[in-house]
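Here are my notes on this model, as numbered points. Keep the structure open beside them and find each residue as you read.

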Amino acid sequence: LSLLGTARLRAGQPAAAIKAFDKLIAHAPDKAPDNMEARMTRAAAHGQVKNFAAAIGDYTVVLETRPDDMEAREARGVARLFNDEPAGAEADFTAMLAQHPGNQRVSLFRGSARFAQQKYAEAEADFDDVLDAFPNDADTRLNRGLARLALGRPDDAIKDFTVAINEEPD
């Protein structure tokens, strides 16, 4: 069932993959390693069909068994962003950064979660961390520009938007 579910997911059949993983998970002990891997893959399939609440549920079960699983924590944080749960997403990304400081991708995600909560100064700081490593990243410049605009600093926002446009004119 695990191979069938994985194959169906890779073949672009997430609903069929979910059914295969449902059967596998129903027959496996809750904390078995195979069950956790099945939950990770089923969560990814749920994400593909935009059932983010179900994906979050599977990632949460994995994290209860394997609290240091950074793949599950990042994926749950992203699913929480898509499920309009920015506070939960921020908590996941903050936990990741506590274990792995300086991870620019996670800083970008956390900045997005903070922006969604109107924590513009904190979002700007996260975007600054990303831009320290990648100063011309257009998406991060755009996000930081939006945060700066929300903070009432249009001149700084214009600078970021200008760099973003120069890097990606389309």
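1. Start with Glu-122. Glu-122 is partly exposed, at a relative accessible area of 38%. Glu-122 sits in helix α8.

2. A word on the source. This is a predicted model, in which local features need pLDDT of at least 70 and side-chain atom pairs count only at pLDDT 80 or more, while totals for chains, interfaces and linings use all residues. Residues are numbered from 1 along each chain as its sequence is written, and side-chain values use heavy atoms, with hydrogens and water left out.

3. Now the whole chain. How many helices and strands does the chain have? It has ten helices and zero strands. Both kinds of element are DSSP runs numbered from the N terminus: helices are H or I with at least four residues, strands are E with at least two. Along the sequence the pattern reads α-α-α-α-α-α-α-α-α-α. The C-alpha trace spans about 60 × 35 × 25 Å along its principal axes.

4. The chain has 170 residues, and 39% of them are buried. Contact means heavy atoms within 4.5 Å. Take the contacts with a separation of 6 or more: 37% of them join residues 24 or more positions apart.

5. The surface comes next. The chain exposes about 9,100 Å², and carbon and sulfur atoms supply 53% of that. Such areas come from the Shrake-Rupley method with a 1.4 Å probe; for residues, only the protein chains shown count as cover.

6. Turn to helix α5, residues 70–82. Its 13 residues should span 18 Å at 1.5 Å a residue, and its end C-alpha atoms are 18 Å apart, so the two agree. The expected span is 1.5 Å times one less than the number of residues. Buried residues of α5 include Arg-73, Arg-76, Gly-77 and Arg-80. At the start of α5, a side-chain oxygen of Asp-69 comes within 3.1 Å of the backbone nitrogen of Glu-71. Glu-71 itself lies in α5. Is Glu-71 buried or exposed? Glu-71 is exposed, with a relative accessible area of 58%. Glu-71 and Asn-35 are 36 residues apart in sequence, and their C-alpha atoms are 16 Å apart. After α5 comes Asp-84, with a positive phi near 60 degrees.

7. Helix α6 is next. It has 14 residues and reaches 20 Å from first C-alpha to last, close to the 20 Å expected at 1.5 Å a residue. Among its buried residues are Gly-88, Ala-89, Asp-92, Phe-93 and Met-96. What do the buried residues of α6 pack against? They pack against α5 and α7.

8. Asp-92 is in α6, residues 86–99. Asp-92 has a relative accessible area of 1%, so it counts as buried. Beyond its neighbours within four places in sequence, Asp-92 contacts Arg-73, Arg-76, Gly-77 and Arg-80. Asp-126 lies in α8. Asp-126 is also buried, with a relative accessible area of 1%.

9. Finish with two loop residues. Lys-50 is in the loop between α3 (33–48) and α4 (52–65). Its phi is near 65 degrees, a positive value in a residue other than glycine. Lys-50 is exposed, at 62% relative accessibility. Gln-118 is in the loop between α7 (104–116) and α8 (120–133). Gln-118 has a positive phi near 65 degrees, and it too is not a glycine. At 58% relative accessibility, Gln-118 is exposed.

Note on methods. Buried means under 20% relative accessible area, exposed over 50%, partly exposed in between (1.4 Å probe, protein chains only). A polar contact is a pair of N or O atoms within 3.5 Å; within protein, one must be able to donate a hydrogen and the other to accept it, and residues adjacent in sequence count only if both atoms are side-chain atoms.
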